[in-house]
Amino acid sequence: MKKSIACIVYSQEKNKIFIAKRMPIGKMGGKWEFPGGKLEADEDAETAIIREMQEEFSVNVSVGTKVGETTFFHFDDQVLLEAYEVSFEHDGIEKKFKLTEHTEYKWVDIESIKDLDFVDSDLKIYPTVLSYIKEKYQK
């Protein structure tokens, strides 16, 4: 089974979660997502997260707790999607991230995700992410 990771970057200070908008190409083009990507051969989740965030945003990150997982189908392939809590070295506001796979990014209220044009695979894990954030940060 193929594996993908979703990076859950939550700012307790802002009470917001980080999302990015995909470039307008392909089946999921132009949709919002939790950033992440596919694991390469012989790569663990932490290594993939660090690589993906460096490639997509030119930002160093630290990887925290696994938030949850789900499966989805991409064409005929079943994919395991694992979500991890991730911390950025900065928030991309004063010092902008360099985008290579996205057209924009923003920090949003986690409840507003259900109202955005979000990729299907991330919507599958959204309830788990929402529960995790509420339980850990919004008591």
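Start with E1: with five residues, this strand gives the largest share of the lining of the largest pocket. Before you click further, note that this is a predicted model, where local features need pLDDT of at least 70, side-chain atom pairs count only at pLDDT 80 or more, and totals for chains, interfaces and linings use all residues. Residues are numbered from 1 along each chain as its sequence is written, and side-chain values use heavy atoms, with hydrogens and water left out.

**Stop 1: the largest pocket.** Its volume is about 570 Å³. Select Arg 22, Met 28, Glu 33, Gly 37 and Lys 38, which are the closest to the centre among the 27 lining residues. Now colour strand E1 (2-8), strand E5 (36-38), helix H1 (45-57), strand E6 (61-74), E7 and H2; each supplies at least two lining residues. (Helices, H or I with at least four residues, and strands, E with at least two, are DSSP runs numbered from the N terminus.) A pocket here is an open set of points on a 1 Å grid over the protein atoms alone, where a 1.4 Å probe fits, with protein on both sides within 12 Å along at least five of seven lines; lining residues have an atom within 4 Å of a point. Volume is the space filled by probe spheres set on the points, which are joined across faces, edges and corners.

**Stop 2: the second largest pocket.** This one has a volume of about 190 Å³. Its lining includes Phe 72, Phe 73, His 74 and Phe 75, along with Asp 120 and Lys 124. E6 and H2 each supply at least two of the lining residues.

**Stop 3: salt bridges.** How many salt bridges does the count come to? The count is 13, taking a side-chain nitrogen of Lys or Arg within 4 Å of a carboxyl oxygen of Asp or Glu.

Pick Lys 136 and Glu 85, whose side chains meet at 2.9 Å, N to O. Lys 136 lies in helix H2 (residues 120-137) and Glu 85 in strand E7 (residues 77-88), so the pair ties together parts 51 residues apart in sequence. Lys 136 is partly exposed at 40% relative accessible area, while Glu 85 is buried at 9%. (Buried is under 20%, exposed over 50%, partly exposed in between, with a 1.4 Å probe and protein chains only.)

Next, select Glu 43 and Arg 51: their closest N and O atoms are 2.8 Å apart, and both residues are buried.
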